[in-house]
Amino acid sequence: MHAESQETTLSSCSSSSSSSSSPSCSACVVPLAFSPVQGTVTVPFSAGWNRRYRDASGENLITGLEIIPLRFTNLEWTDVEARFDRLAYTKNGTEPVIKWSDFSFCIAMQQTPEFANEILRALRGRSEWKVDITKNELRDYWHRMAGSVDSRIQLFFYMCDRNFDGKIDEIDMKQTILGSASANKLSMTHEEAQEYAASIMEFLDTKKRGYLEPPQLDTLFKVSLPRASYGRSSPTPDDLYHEPMSKNEVRFRSYWRRAWIVLFWLLICAVLFTWKFIQYSHRPAFQVMGYCLSTAKGAAETLKLNMALILLPVSRNTVTWLRKKRWLSSIIPFNDNINFHKLIACGIVVGVILHGGTHLACDFPRISGCDSVLFQQTLASGFGYQQPTYMQILATKEVATGIAMVILMAIAFPLATKWARRQSTLLPRSVRHVAGYNTFWYSHHLFVFVYALLFVHGMFLFLTNNPFEKTTWMYVAVPVLLYAGERIYRVVRSGIYEIKNLTPSLYPGKVLSLKMQKPEGFRHPFSLTSGPADDFLSVHIRALGDWTYRLYGIFQEEMLGAAKGFPKVYIDGPYGASSQDYVKYDVVLLIGLGIGATPFISIIRDVANNAQKAEFDQVAGSVCKIPKGPLKAYLYWVTREQISFEWFRDVITEISKIYLKQPVIEMHNFLSSVYQEGDGRSAILSVIQALHYARTGIDIISKTPMWTHYSRPDWFNVFSKLARRHPGERIGVFYCGSLLLGKELEGLCTTFSYRTNTRFVFHKEHF
């Protein structure tokens, strides 16, 4: 498209055509499967619009043109008819009808009844539209909604033409835009709607008549409009399915580190259990208690091991230090430290049930109820040669400390579950009221008393006086000292890293951003929203639980002038996270849901900083070692609320500028509250989004230079495209979000690693 031309000819072309790299814009119509539009269409673009397709430097803002599809229903008539039959009733002996207000349900738009009512009003025209609907009428309406492109465009025209005079003016268009924004839960002011309506009128009303007629609106949906260039790529090789790995090899590569750790742990537990089981099967006490004793003692030995091991995965400084040893991290999955901590906790629960349960239900009744002669021959020395009652056994130091430990564990374990930490609505209201992160945190500190009781419990054993068999302290001494030392070190270190300059910001959705001066000597990985090379630290914290709500409230009070000053902020860390493994890959796919994008903003910043540094050194002619990192990064951010884009708006704008110079980063924003492109409820939004972007280079939804996609990504297509773009490479997939999608993505990594010669390696951040 040359600057001096007054109109542009749009020719049909193959959907695989790549965008031109020349300064001019190569425009093409991509025929859609349901669209009958073919051939060549001429669309008048004014010289002013032509200038708006370029930024201030003359760079192209678009790569091609696409048709804006339009559909009002995806249902077949049989589905619509079934919905009608569910609600139909007979009125005064006539044929079955439904209420006009049930029209939205019949066409599967019950979530947006106002928009469905506008469709019904347009279908019925000037006649009274708030009357009952017969099945024949509904069938006719369905044919018009699901029929040809012309039929659908005509229906949309009637929706915009509110007084049915055959003309759409700017006010009509504004009302349509506001209605569509409301149906898609978008925030839009009347001034913005007015601006967008004026853009459409300017685009279509070339004769300056002040209104639009059907042929002009027909042009809007039959002719393609400009789209953003971010994320487009050139054609890729077709050898996608060349030499794929076997399914077993994929599973082995994905899970072997977890598998050998878990199997090794289970093996040690089994060996310890068997050892003690056999040992006590040959003791005199076995004549009284039988295999109940062997089972209890075998379980006790595994409990000693697990009470020692459970502290190691949460010794965060040690884990961070070990993670840096590449040879060690290549065989031990340090990213699963919390999962292993939970697994060991499950082992402790099993051990407690076996050890405590067999003692209470089997061993102690047999001791108190056995023959006195047998007691004197086997157990008397351990009880002062006096056979105890069941209650006397419970009062001994060994049993009393054991029962106390079980009670404390019974309090702490349930409060550590995800339902209690996140105050799930599945919990009873009385429980939910006292649950939360703070409750989890403080109840977990009950284990200080548990370990103290454990030492006492292990020193008093009534079945042996041999000090070498009282081995509890041998198991837990080193882990307890290590963990205690770490906690003391964290207190001392956080005092050193006191923050001096603190700038808080409050964002919609109860998100608190803290930007602070980086303390001297502080180096961090990628769990913050600032990059390692930045001279500041920044974090984004969304209020989702009691602790984060309290933190948000403290800073909100100060910023509203209700408090005397910001609280003191200390830094503890840095600690390792799975996202820091991104440097191991040349290509990374980062997927964040909502606030889950936070850890990946740091990675994006770091990749961008490295790209800028490389460009600067190349221009300056210097040779400098660039930190190892990805050559290409893809970020997919999916959020339900439009206000979420305000959290990282500055970062996105900054990254978009870098992309224009060096496309090492592709960012794809998805807003799931907006109906997918082509849906009648979002069609007009697609139009104004394209026109506004072509004119200003700014997306109307995110208010950034990054284009926002509607609904949710088709993850299968995302992985398929990446496999085509990067054949034979290893792609690190990093995810932070819900468990359900995490399982789907991990499955896709396995599937595409098996079916293609591109290997996808899945990493999950704790969410």
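The expected span of a helix is 1.5 Å times one less than its number of residues. Keep that in hand as you work through this predicted model.

**Exercise 1. Find out how the reach of helix α22 compares with its expected span.**

Step 1. Helix α22 covers residues 447–459, which gives 13 residues.
Step 2. At 1.5 Å a residue, the expected value is 18 Å.
Step 3. From the first C-alpha of α22 to the last, the helix reaches 18 Å, close to that expectation.

**Exercise 2. Work out which residues of α22 are buried and where they lie around the axis.**

Step 1. Take buried as under 20% relative accessible area and exposed as over 50%.
Step 2. Phe 447, Val 450, Tyr 451, Leu 454, His 457 and Gly 458 are buried in α22.
Step 3. Look down the axis of α22: these buried residues fall within an arc of 120°, so they line one face of the helix.
Step 4. Now turn to the face pointing away from the buried side, where Val 448 and Phe 449 are exposed.

**Exercise 3. Describe how β9 and β10 are joined and paired.**

Step 1. β9 (residues 502–507) pairs with β10 (residues 511–517) in the antiparallel sense, over six bridges.
Step 2. Pro 504 stands opposite Leu 514 in β10.
Step 3. Three residues separate the two strands of this hairpin, and Gly 509 in the turn has a positive phi of about 80°.

Methods
Residues are numbered from 1 along each chain as its sequence is written. This is a predicted model: local features need pLDDT of at least 70, side-chain atom pairs count only at pLDDT 80 or more; totals for chains, interfaces and linings use all residues. Side-chain values use heavy atoms; hydrogens and water are left out. Helices (H or I, at least four residues) and strands (E, at least two) are DSSP runs, numbered from the N terminus. Buried means under 20% relative accessible area, exposed over 50%, partly exposed in between (1.4 Å probe, protein chains only). The arc is that of the directions from the helix axis to the C-beta atoms. Two strands pair if DSSP finds at least two bridges between them.
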